[in-house]
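Hello,

Here is the structure I promised to pass on to you.

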Amino acid sequence: MAQTVRMTRRVGFSSGHRYWLNTLTDSENHNRFGKWASPYNHGHNYVLDVTVEGEVNPTTGMVVNIKRIDDLLKAVVIRQFDGKSINDEIPFFQAHASSLENLLLYIAGQLAGDGVLPAEVRLTTLRLEEMPTLYGELSLSADSTYMTLTRTFEFAASHRLDSPLLTPEQNLELFGKCNNPAGHGHNYILEVTVSGVPDPNTGMIVDLEDLDRLVGELVVDRYDHKNLNVDIPEFQRMTTTSEIVALEIFNRLKDRLPAKLLRVRLHETARNMFEVSE
């Protein structure tokens, strides 16, 4: 079987939208969309990553000419969305919620139609970022699709790397300045990714208000501006490496969120990231 290579191209577009359907009454819209319901638009600078897969052409050395993908995305995506009011100017969204999840499904449908993409590649993944703290991903195969939604949180906490299983000398040798008796701190970035099927009424995998509240109660509000070694009971007999913290966060959230938890990613610094997945 020939090897394939995946290529990702990024584009951006600015659009307005609202969680409001003109076919519903005011009360029906508020019941369906909760705190997000409004008859007035708000806007985002969306970032879309489109990934295609194919065999490398021995003549060109490429999977596909990127210029062809650029022209296609401009014609199929940018022309429809950029500078537009999604609810008002794209007919599909006059009857469907303009959620991030529905946007992913709509764009996938536009790109995956017969004869749209160059014949030498197939669409494998879309990633759409609505804002830096929220993005969705749609993975496509020949017989299924798989969607995830990722929400980003931040908390500031201090800790000290010190293992109760090691001597003071061994801890200092292993952890260096991170073994400082007074501790040190980080602005941790936490990504929580859930998977599922969008609700046909709201277009959402999960109610973000519920997700934010639960992650806050279970993790962020408990850890923020705390000393992990001293203030958080589950860490008092553990070495608070980011590996241990990420595992604890995953296990605290698992089976307690309103959608299936797929993974957590904990960024300790701009250069260190730790992931735990199902």
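What follows is a short tour of the strands, the helices, the cores and the aromatic rings.

First, the ground rules. This is a predicted model, in which local features need pLDDT of at least 70 and side-chain atom pairs count only at pLDDT 80 or more, while totals for chains, interfaces and linings use all residues. Residues are numbered from 1 along each chain as its sequence is written, and side-chain values use heavy atoms, with hydrogens and water left out.

Let me start with the strands. Helices (H or I, at least four residues) and strands (E, at least two) are DSSP runs, numbered from the N terminus, and two strands pair if DSSP finds at least two bridges between them. Strand β1 (residues 5-17) runs antiparallel to strand β2 (residues 42-54), with 13 bridges; Val5 has Gly54 of β2 as its bridge partner. On to strand β4 (residues 122-131), which pairs with β2 in the antiparallel sense over seven bridges. There, Thr51 stands opposite Thr125, and Val52 is partnered by Leu123. β4 also pairs with strand β5 (residues 134-140), antiparallel again, through six bridges, and a hairpin of two residues joins β4 to β5. Arg127 stands opposite Glu137 in β5. The charged end of Arg127 also sits over the ring of Tyr135, 3.8 Å from its centre. For that label, NZ of Lys or CZ of Arg must be within 6 Å of the ring centre and within 35 degrees of the ring normal. Eight of the ten residues of β4 are buried, so the strand is largely enclosed by the rest of the structure. Buried here means under 20% relative accessible area, with a 1.4 Å probe and protein chains only.

Helix α4 (residues 100-111) has twelve residues and spans 17 Å from first C-alpha to last, close to the 16 Å expected at 1.5 Å a residue; the expected span is 1.5 Å times one less than the number of residues. Nine of the twelve residues of α4 are buried, including Leu104, Tyr106 and Leu111. In helix α8 (residues 242-253), the buried residues include Ile249, Phe250 and Leu253. The buried residues of α8 pack against β6, β7, α6, α7 (228-231), β9 (260-267) and β10 (273-277). Just after α8, Asp255 takes a positive phi of about 65°.

What holds the most contacts inside the largest nonpolar core? That core has 67 residues, and the ones with the most contacts inside it are Val77, Phe81, Leu111, Leu190, Ile249 and Leu253. A nonpolar core is a set of buried Ala, Val, Leu, Ile, Met, Phe, Trp, Tyr and Cys residues joined through side-chain atoms within 4.5 Å. Its largest share, eight residues, comes from helix α6 (residues 208-223). A second, separate core of eight residues includes Tyr19, Trp20, Leu24 and Ala97.

Last, the rings. The whole structure holds ten aromatic pairs, counted when ring centres of Phe, Tyr and Trp (its six-membered ring) lie within 6.5 Å, with planes under 30 degrees apart called stacked, over 60 edge-to-face and the rest tilted. Phe155 and Tyr188 are stacked, 5.0 Å centre to centre with 20° between the planes. Phe155 lies in strand β6 (residues 145-159) and Tyr188 in strand β7 (residues 184-195), so the pair ties together parts 33 residues apart in sequence.

Best wishes

Note on methods: Buried < 20%, exposed > 50% of the residue type's maximum accessible area, 1.4 Å probe, protein only. Contact = heavy atoms within 4.5 Å.
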